[in-house]
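Dear colleague,

Here is the structure I said I would pass on. Please look it over alongside the notes below.

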Amino acid sequence: IVTGFGILISFQYISITSLQFSFIDQLFYLCLFAVVSLNEEIAMRGYILQNLSKSFNKYIALIFSSLVFMIMHIGNPNMGAIPLFNLFLAGLFLGIYCIHRKNLWFPIGAHFTWNYFQGPVLGFEVSGNDVDSIFIQSLEGSDLITGGKFGFEGSIILTIFMIIGILYLEKRYKSGL
C-alpha cells in the first residue's frame, strides 16, 4: 500500500492537502480494523476455506472462499468491476498462505495492516468506506489508476501488485520454504 501511495504521488495522481493526527481516531481504527481482520479471516480462511479444503482440491476451495470474500463486500459504497476483481484477488492472496501452512496469522496480519495503513494513515477509502486519516489527500487522476472513491483497492495498480503477490506467495509456500 505504501508503494502504491508513493507511485500515485510520484506521478501526481494524488496530492497531500494537509496532515492531521487524532490519537483517539487512530486508537479507534486500530481496534476497529483488528476486530474486522480477525472476524473476516477467521470466517473466510479459518472456517470456509478450511472446511471446503476437506471436500475439494485446495485450489478449488481457495477460489470458492475468495468468491465468498468478494461477494461479502459487493454492497460496499462505490463498488465497481475493478474493486470487485481486486477483492477476489485479495481473497486468493490471503488464502494461499493458509492452504500451504494451515495458519491464519499471515492473513490476519496482512489484512489488518492493509486496512489500517490504507485508510487511517494514508487517507484512502477502505473498501469504499471513508475514514478519518493522518494524510488528507486529493485525487487528481484517473479512477482506473487511483481507485477513485473506492480507494486504492479499486486501482489497476493494485491489480498488478496482487497478481505479483499471489504468484510470489504460491511459489514460496508451495515449495515449502
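Predicted model: local features only at pLDDT ≥ 70, side-chain atom pairs only at ≥ 80, totals over all residues.

Overall fold

The protein chain contains 7 helices and 2 strands. Their order along the sequence is α-β-α-α-α-α-β-α-α. The C-alpha trace spans about 50 × 35 × 30 Å along its principal axes. A compact globule of 177 residues would have a radius of gyration near 16 Å, and the value for the protein chain, 16 Å, agrees with that.

Of the 177 residues, 45% are buried. Among contacts with a separation of 6 or more, 70% join residues 24 or more positions apart. The accessible surface comes to about 9000 Å², and carbon and sulfur atoms hold 68% of that area.

Core

The largest nonpolar core has 40 residues, and Leu8, Phe124 and Phe152 are those with the most contacts inside it. The elements giving two or more residues to this core are α1 (2–10), α2 (23–55), α3 (58–72), α4 (81–101), α5 (105–121) and α7 (156–174). The largest share comes from α4, with 12 residues.

Phe124 deserves a separate look. Leaving out residues up to four places away in sequence, Phe124 touches Ile1, Phe5, Leu8, Ile14, Gln118, Gly119, Val131, Gln137, Thr146, Gly151 and Phe152.

Single residues

Asn115 sits in helix α5. Its relative accessibility is 5%, so Asn115 counts as buried. Beyond its neighbours within four places in sequence, Asn115 is in contact with Phe33, Val36, Pro120, Val126 and Glu153.

Gly147 belongs to the loop between α6 (143–146) and α7. Gly147 is also buried, because its relative accessible area is 9% and the cut-off is 20%. Not counting residues up to four places away in sequence, Gly147 touches Ser142, Gly154 and Ser155. Val126 is 21 residues from Gly147 in sequence, and their C-alpha atoms are 11 Å apart.

Pro77 is in the loop between α3 and α4. With 35% relative accessibility, Pro77 counts as partly exposed. Its contacts, again without residues up to four places away in sequence, are Ser127, Gly128, Asn129 and Phe150. From Pro77 to Lys174 the separation is 97 residues in sequence and 36 Å in space, C-alpha to C-alpha.

Backbone

Two residues are worth checking for their phi angles. Most residues other than glycine have a negative phi. Asn78 is not a glycine, yet has a positive phi of about 60°. Asn78 lies in the loop between α3 and α4, and is partly exposed at 43% relative accessible area. Lys102, likewise not a glycine, has a positive phi of about 55°. The place of Lys102 is the loop between α4 and α5, and Lys102 is exposed, with a relative accessible area of 54%.

Regards

Terms used. Residues numbered from 1 in each chain as written. Heavy atoms only, no water. Helix = DSSP H or I, 4+ residues; strand = E, 2+ residues; numbered from the N terminus. Rg over C-alpha atoms; globule rule 2.2 N^0.38 Å. Buried < 20%, exposed > 50% of the residue type's maximum accessible area, 1.4 Å probe, protein only. Contact = heavy atoms within 4.5 Å. Areas by Shrake-Rupley, 256 points an atom, 1.4 Å probe, with all protein chains shown as cover. Core = buried A, V, L, I, M, F, W, Y, C linked by side-chain atoms within 4.5 Å.
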